[in-house]
Amino acid sequence: MGRSRGGVANGGFRRDVTALPRRWEDRVRALARWGRGAIRARRDAARLLAGLSTAEAHTYRFADTMIQTLPDAGFSPRTAAWANWTIFYVVLGITQEQQAHAAEPPERVTEFDDPDYPALREAAAHVVAGTYEERFEFALNMQVVALRAELDPMGGGPA
């Protein structure tokens, strides 16, 4: 079993889950934003959480609420569990990068001349464009869109 994070996010995951939105898409977004806020509230928390055991009542509550949201909307327990894992690691990864670069922002690549990588050269200005919030919201939206497609592959919406 991994090391405990020793209180890095202890209490940061406390929340009145009855106040969350009813629609599953809005609830998933709210939970992801809540988790990100809890991690961002503590300096270097994302780095400290990476690879450590986070098995405590508050993180269980977060995971349980996320996982419960999805079967209630018609997803399988497997999809709910894997979606929770995926969303948590996007939250953790983006937050870890943001916290790591808080003191020293990364170099912004806006041009890339190497002809061996034509797609990268074409998209170079967009690779690091935008704020962390914008990129987080983009990633979160992509996850919700993918979940919606998993629920209703024909695109007609939930029954």
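Predicted model: local features only at pLDDT ≥ 70, side-chain atom pairs only at ≥ 80, totals over all residues.
I'm taking contact to mean heavy atoms within 4.5 Å. With that settled, I looked up leucine 147 first: leaving out residues up to four places away in sequence, Leu147 touches Trp24, Leu70, Phe75, Thr79, Ala83 and Ile87.

**Overall layout**

I stepped back to the whole chain. The protein has 6 helices and 0 strands, so the pattern along the sequence reads α-α-α-α-α-α. Of its 159 residues, 35% are buried. I also checked how far apart in sequence the contacting residues sit. Among contacts with a separation of 6 or more, 73% join residues 24 or more positions apart.

**The core**

Next I went to the largest nonpolar core, which has 25 residues. Leu147 turns up again here, listed with Trp24, Val28, Leu70 and Ile87 as the residues with the most contacts inside that core. As for who supplies it, α1, α3 (57-72), α4 (77-100) and α6 each put in at least two residues.

**Valine 28**

I picked Val28 out of that list. Valine 28 is in helix α1, and at 1% relative accessibility it counts as buried, the cut-off being under 20%. Skipping residues up to four places away in sequence, valine 28 touches Met66, Thr69, Leu70, Ile87 and Val144. I also took a distance to isoleucine 67: the pair is 39 residues apart in sequence, and 9.4 Å apart from C-alpha to C-alpha.

**α1 against α6**

Then the helix pairs. Helix α1 (residues 24-40) and helix α6 (residues 132-151) pack at about 145°, and their axes are 10 Å apart. I have the crossing down as right-handed. On the α1 side the contact uses Trp24, Glu25, Val28, Arg29, Ala32, Arg33, Arg36 and Arg40. Across from them, α6 brings Tyr132, Glu133, Phe136, Glu137, Leu140, Asn141, Val144, Leu147, Arg148 and Leu151. Sorted by class, this contact has 9 nonpolar, 1 polar and 8 charged residues.

**α1 against α4**

Helices α1 and α4 pack at about 35°, with axes 10 Å apart, and α1 passes α4 in a right-handed crossing. From α1, the residues involved are Val28, Ala32, Gly35, Arg36, Ile39 and Arg40. They meet Ile87, Phe88, Val91, Leu92, Ile94, Thr95, Gln98 and Gln99 in α4. The class tally for this contact is 8 nonpolar, 4 polar and 2 charged residues.

**α4 itself**

I wanted to know how the length of α4 compares with what its residue count predicts. At 1.5 Å a residue, its 24 residues should span 34 Å, and the end C-alpha atoms are 34 Å apart, so the two agree. I then listed the buried residues of α4: Thr79, Ala80, Ala83, Asn84, Ile87, Phe88, Val91, Leu92, Ile94, Thr95, Gln98 and Gln99. Thr79, Ala83 and Ile87 from that list were already in my notes as contacts of Leu147.

**Glutamine 143**

Is Gln143 buried or exposed? Its relative accessibility is 13%, so glutamine 143 counts as buried, being under 20%. Which residues does it contact, leaving aside neighbours within four places in sequence? I found Thr86, Ile87 and Val90.

How values were computed: Residues numbered from 1 in each chain as written. Heavy atoms only, no water. Axes fitted to C-alpha atoms, helices over the stretch in contact; angles between N-to-C directions. Helix = DSSP H or I, 4+ residues; strand = E, 2+ residues; numbered from the N terminus. Left-handed = near helix turned anticlockwise from the far one by under 90°. Nonpolar A, V, L, I, M, F, W, Y, C, P; charged D, E, K, R; others polar. Core = buried A, V, L, I, M, F, W, Y, C linked by side-chain atoms within 4.5 Å. Buried < 20%, exposed > 50% of the residue type's maximum accessible area, 1.4 Å probe, protein only. Expected span 1.5 Å × (residues − 1).
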